[in-house]
Amino acid sequence: MDIEKLRTVRTTKCDNPFASARTPWKIDQMRERIVKHLERMLAREPHTANLRDWWQANVYALRDRILERFIATQQAQHSAKCRRIYYLSMEYLMGRLLRDSLNNCGLLELNREALRQLGISFEEMEQVEPDMGLGNGGLGRLAACILDSLATNNYPAVGYGIHYEFGMFRQKFHDHRQIELADNWLAYGNPWQILRAENVQEVRLYGTVEQHRDENGNCRPRWAGGSLLQGVPWDIPIVGYGAETVNFLRLWEARATCDLDFDDFNRGNFHEAVEAKVLSETVTKVLYPNDSTSNGKTLRLIQQYFLVSCSLQDIIRRHRNSGVGWDQFAEKVCIQLNDTHPTIAIVELLRILVDEEAMDWDRAWEIVTKTFAYTNHTLLPEALEKWSVVLFEQILPRHLQLIYEINRRFLEKVAARYPGDLEALRELSLIEEGPVRYVRMGNLAVVGSFSVNGVAAMHSELVKTALFPRFHAISPEKFCNITNGVTPRRWINSANPRLATLLNGAIGYDWVTDLEQLRKLEPFANDLDFRNDFARVKLQNKTDLANVIKARCGVSVNPSSLFDVQIKRIHEYKRQHLKLLHVLTHYRRLLDGTAKSELPRTFLFGGKAAPGYAMAKHIIHAINLTADQINGDKNLSDLLRIVFIPNYDVSSAMAIIPAADLSEQISTAGMEASGTGNMKLALNGALTIGTLDGANVEMLEEVGENNIFIFGHRAEQLEKMRREGYDPRSCYESDGELKALLDWMRSDAFDRPGEFNPIRHIADSLLNGGDRYFLLADYRAYVDAQDLIANYYANPELWYSMAIINVARMGKFSSDRAVREYAQNIWKIKPLRQG
């Protein structure tokens with residue numbers, strides 16, 4: 001099969017066959033629009049414009065077309081008075097939008113040619129687009145995939161988030177350590193966003209609760225005083241595949257209600273004159289401030305309430321504009337809470353109904369509990385947010401009163417169900433008692449929502465049996481599973497155009513919106529020509545990534561080596577340090593001549609550690625020190641390379657994932673909710689090595705045990721080891737290779753004069769710190785699985801057959817399927833097709 005010929009055939013058609021009827025542009029029209037925006041929006045002439053100018057002009061030209069569909073979509077949804085889903089998330093990991101939006105509009109090749117005629121390379125130009133600094137990890141990337149699938153499947157929806165001025169941080173390495181720098185993604189503006197100044201909202205913080213008499217003479221509480229912020233909305237259009245539906249993501253920016261105090265200014269108090277402005281804008285300054293300090297915790301809670309307050313006011317405004325009353329609110333409005341971060345929305349809506357709308361409690365609570373649905377994304381108790389009662393009372397005094405009342409009424413029902421069971425009351429209470437009292441946001445989310453879902457079958461079962469067992473016993477009908485998915489528009493069509501071209505030639509275009517169509521690929525696993533084409537695509541992608549690595553990291557890697565990839569947030573439960581143990585084991589074997597295979601390997605890492613997470617930073621430090629030593633060992637030649645790619649983001653993932661041979665999904669069993677990186681990598685032809693954790697369990701069911709490498713203890717086995725008392729030293733004493741490895745790590749082999757040795761620190765913590773995440777328990781099974789993988793990779797016919805089968809059987813893991821399940825089983829909304 002001639003891939004380049006297929007690509008030529010493909011580009012003579014519309015990139016997106018569903019969009020052709022809506023995109024009658026010709027090349028000369030697109031070229032003229034780009035130049036028009038260059039001159040009239042940016043005041044640039046073509047011969048003086050730089051690539052950033054061309055990118056912005058290009059976005060403005062495309063935005064013209066998208067906004068035509070946006071207006072039509074909003075008109076259709078308003079006229080239909082349809083039920084909408086409102087998606088609340090603290091983060092959206094959007095990446096770059098240009099290529100995806102062009103693909104979804106069917107205009108990519110037209111745009112590429114228009115730019116070529118203007119003397120501009122599309123590939124060079126798109127590199128200047130910054131990744132939007134609106135998200136960090138899997139939670140935010142899932143939210144972005146959900147938005148894409150909502151629009152593609154024509155569901156009426158609005159996303160709500162925060163307009164962060166700076167992203168989480170830009171990661172650099174200095175002396176092998178992570179350094180956090182400001183991610184100023186808005187330095188040159190954002191041509192995608194549209195200011196909606198007419199919909200500014202006002203948000204109150206702090207203050208006191210007063211008693212006042214309403215118009216009927218009834219005494220009612222009223223939240224008063226404190227400080228006020230403005231929430232300024234910016235909209236980003238979300239274009240679905242085919243450009244039939246264009247929804248939007250509304251992001252709130254915090255501003256002061258008064259930018260300048262003229263009295264202070266005229267008295268010469270210049271700092272005081274703008275102090276309110278500076279403090280107000282701090283609220284949306286940075287994504288996920290370091291909350292290891294009291295000020296960081298305060299800012300985090302304020303951010304969450306700011307998002308919720310602005311969004312609920314906007315939702316209520318939209319509801320009132322539709323001409324229907326409160327009796328129909330829960331029929332027309334469904335609010336999805338993406339994890340516990342926006343849970344305060346439950347109390348805020350209750351406050352609005354009881355305090356501002358003078359509604360009786362029972363009616364208000366009925367509306368609230370029919371409006372909210374909650375997605376849980378974690379099994380780690382420490383990740384289920386809780387806020388000190390003291391902090392809550394200071395910032396949101398009325399909300400704390402309402403939480404107490406919700407709790408009182410709920411615990412009355414619990415006491416009736418479990419008479420005399422104080423443990424049930426303690427476990428189910430919204431308030432954690434102790435020397436420091438806390439508000440439990442996870443419990444609040446369950447009590448105040450009509451639906452609670454996990455994000456993988458195993459995770460959802462553990463949510464019911466381990467995380468919220470008593471809640472499940474009381475309300476089993478609330479709990480369900482919606483396994484996560486990823487959008488194939490981003491993760492094949494945009495990220496891996498070579499593979500997309502190969503798929504189009506083999507099975508047609510339908511897989512782009514119906515990923516189950518990939519099943520048609522299975523017979524090609526036994527087709528020699530197709531396997532060779534598939535292998536050629538992978539090698540070309542690896543060569544591209546090798547060039548990126550050389551440019552960004554200064555390390556030369558062999559594209560023919562096995563690309564072994566672990567790219568995800570750095571956390572002990574994700575076990576990047578288990579991968580490090582294997583790297584060092586392989587290195588020792590090469591040094592002493594006992595390696596079972598001399599297969600060239602390239603180990604690739606990517607991910608950020610939270611600024612306040614010391615051990616995660618030590619893991620990064622240790623990987624980089626190891627890389628420095630191994631990459632500098634001239635005796636290894638091309639047999640072993642380690643690269644930690646800095647500042648991992650969506651754009652980095654789009655370069656790494658198509659090039660990966662092996663996908664590392666090695667979290668401690670029972671701790672990963674789902675994972676979506678596992679899906680993206682398998683979808684692009686990487687084989688998975690993983691534990692039975694998260695969505696790995698369902699991936700095993702789909703691809704079959706002969707096409708995935710599963711190792712390690714199961715969650716129930718690890719739970720038994722916890723109960724009976726796990727001793728990591730028993731693993732150390734019983735495995736000679738592991739003992740020699742840890743002794744080597746604890747020796748002076750990796751010492752640098754006067755410097756902290758993170759490699760020794762990790763080894764010490766595993767032996768003497770309890771090994772909470774069971775690295776030593778899973779070490780031998782993991783290393784043995786890696787030895788097996790080397791044998792498989794040495795047989796290209798077998799390896800690429802397995803890789804093709806993995807791609808063919810990934811149809812379940814589409815965000816389109818996930819969104820349809822949400823719509824049918826939780827949201828109860830239907831697609832709204834437009835003529």
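**Aromatic pairs, helix contacts and selected residues**

Phe70 is buried, with a relative accessible area of 9%; here, buried means under 20% relative accessible area, exposed means over 50%, and partly exposed covers what is in between (1.4 Å probe, protein chains only). The structure is a predicted model, in which local features need pLDDT of at least 70, side-chain atom pairs count only at pLDDT 80 or more, and totals for chains, interfaces and linings use all residues. Residues are numbered from 1 along each chain as its sequence is written, and side-chain values use heavy atoms, with hydrogens and water left out.

A pair of aromatic rings is described by the distance of the centres and the angle of the planes. Rings of Phe, Tyr and Trp (its six-membered ring) pair if their centres lie within 6.5 Å; planes under 30 degrees apart count as stacked, over 60 as edge-to-face and the rest as tilted. The structure holds 19 such aromatic pairs. One of them joins Phe70 and Phe248 edge-to-face, with 5.8 Å from centre to centre and 80 degrees between the planes. This pair links distant parts of the chain, since Phe70 sits in helix 3 (residues 51-80) and Phe248 in strand 10 (residues 246-256), 178 residues apart. Helices (H or I, at least four residues) and strands (E, at least two) are DSSP runs, numbered from the N terminus. Like Phe70, Phe248 is buried, with a relative accessible area of 3%.

Phe605 and Phe644 give an example of a stacked pair, with centres 6.1 Å apart and 20 degrees between the planes. Phe605 belongs to strand 19 (residues 601-606) and Phe644 to strand 20 (residues 640-645), so the pair ties together parts that are 39 residues apart in sequence. Phe605 is buried at 3% relative accessibility, and Phe644 is buried at 5%.

Rings can also meet charged side chains. A charge sits over a ring if NZ of Lys or CZ of Arg is within 6 Å of the ring centre and within 35 degrees of the ring normal. Arg588 lies over the face of Trp744, at 5.2 Å from the ring centre, while Lys608 lies over the face of Phe169, at 5.1 Å from the ring centre.

The axes of helix 33 (residues 775-793) and helix 34 (residues 796-808) come within 6 Å and cross at roughly 105 degrees. Axes are lines fitted to C-alpha atoms, for helices over the stretch in contact, and angles run from 0 to 180 degrees between N-to-C directions. Helix 33 is therefore roughly perpendicular to helix 34; angles under 35 degrees count as roughly parallel, over 145 as roughly antiparallel, 65 to 115 as roughly perpendicular and the rest as oblique. The contact (heavy atoms within 4.5 Å) is made by Ile789, Tyr792 and Tyr793 of helix 33 with Pro796, Leu798, Trp799, Tyr800 and Met802 of helix 34. By class, these residues are eight nonpolar, no polar and no charged. Ala, Val, Leu, Ile, Met, Phe, Trp, Tyr, Cys and Pro count as nonpolar, Asp, Glu, Lys and Arg as charged, and the others, Gly among them, as polar.

Helix 7 (residues 138-152) and helix 35 (residues 815-827) pack at about 75 degrees, with their axes 9 Å apart, and are therefore roughly perpendicular to each other. Here Cys145, Ile146, Ser149 and Leu150 of helix 7 meet Ser815, Asp816, Val819, Tyr822 and Trp827 of helix 35. This contact has six nonpolar, two polar and one charged residues.

Several single residues complete the picture. Gln665, in strand 21 (residues 662-665), is buried at 7% relative accessibility. Not counting residues up to four places away in sequence, Gln665 touches residues including Lys568, Leu681 and Asn696. Ser309, in helix 11 (residues 294-321), is buried at 2%. Leaving aside neighbours within four places in sequence, Ser309 is in contact with Glu202, Val203 and Glu348.
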